[in-house]
Amino acid sequence: MLSHNGMDVDLKMASRVRGIDAIMGGHTHDGVPAPSVIRNAGGQTLVTNAGSNGKFLGVLDFDVKGGKVADFRYKLLPVFANLLPVDPGMDAFVKKVRAPYEAKLNEKLAVTEGLLYRRGNFNGTFDQVICDALMKVKGADIAFSPGFRWGTSLLPGQDILMEHVLDQTAVTYPATTVNEMSGEMIKTILEDVADNLFNPDPYLQQGGDMVRVGGLSYSIDPTATMGRRIGDMVLGGKPIEPGKNYKVAGWASVQEA
């Protein structure tokens, strides 16, 4: 079975559904070096993930005897793109598609002072750049940025190109927003996202990572129950007040305007 459920969901499904020899999954970006062997009423199911963004290739070989899997061998092979020969036809096609936008994509915006990445479960340095930019342009107290992990990591001293910004923000719903939100609403949003990620039932998890925040600091206990995970919400050295309104910027909202 090929899956885009995420590792936790695949593990639960493997424990409940019989007749699947192996699940090769994705979505949660887990590079799993060895399959998890999950027992169920019909025997066992192997569950694997091969990372994300073409970094690895998961190779699973079966030894089948009498119509059943007798043994298996799994390897997580790293992919070194710079060592692979370029396919001439595909290279020509990519260059043709990019040609009208090449100048814009190569526009130099700034130079990095430190490592810029978007890989953490709760935050990343490129996330912080996005949140800082939202607060500055929108004149907001707080900024929210969605918790997904893609885009090119940049080394210190490297040019930040327009293409790198698009790497980080390329979604089909990129509109930026600014809204007045009460402190109570801000906590509700953080609690809701946290429950999507840390609900003890994998079937109630929706994947992704914790929403990134700018201006605001908070503590989180992933093991707590819904409504009790988020605490110590502070803005500018002062606790967030439930009844006070704050100006909150964001982008990539899935809600209709």
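**Labels and their grounds**

Modeller: From strand S8 (residues 142-145), Ile142 and Phe144 point one way, Ala143 and Ser145 point the other way, and all are buried. This is a predicted model, in which local features need pLDDT of at least 70 and side-chain atom pairs count only at pLDDT 80 or more, while totals for chains, interfaces and linings use all residues. Residues are numbered from 1 along each chain as its sequence is written, and side-chain values use heavy atoms, with hydrogens and water left out.

Colleague: What makes a run of residues a strand?

Modeller: Strands are DSSP runs (E, at least two residues), and helices are DSSP runs too (H or I, at least four residues), both numbered from the N terminus. In a regular strand the side chains alternate between the two faces of the sheet.

Colleague: How do you know that S8 and strand S15 pair?

Modeller: Two strands pair if DSSP finds at least two bridges between them. S8 and strand S15 (residues 245-251) have two bridges, in the parallel sense, so they count as paired. Ala249 in S15 is the bridge partner of Ala143. S8 also pairs with strand S11 (residues 212-214), in the antiparallel sense over three bridges, and there the partner of Ala143 is Gly214.

Colleague: Why is Thr48 called buried?

Modeller: Buried means under 20% relative accessible area, exposed means over 50%, and partly exposed lies in between (1.4 Å probe, protein chains only). Thr48 has 2% relative accessibility, and therefore counts as buried. Thr48 is placed in strand S4 (residues 43-49).

Colleague: Which residues does Thr48 touch?

Modeller: Contact means heavy atoms within 4.5 Å. Not counting residues up to four places away in sequence, Thr48 touches Met7, Ile23, Met24, Gly25, Pro35 and Tyr74.

Colleague: Why is Leu11 called partly exposed?

Modeller: Leu11 has a relative accessible area of 24%, which lies between the limits of 20% and 50%, so the label is partly exposed. Leu11 belongs to helix H1 (residues 7-16). With residues up to four places away in sequence left out, Leu11 touches Ser36, Ile38 and Val47.

Colleague: What makes strand S12 and strand S14 edge strands?

Modeller: Three strands form an open sheet in the order S12-S13-S14, with antiparallel pairing. Strand S12 (216-220) and strand S14 (238-239) are the edge strands, as each pairs on one side only. Strand S13 (residues 230-235) is joined to S14 by two bridges.
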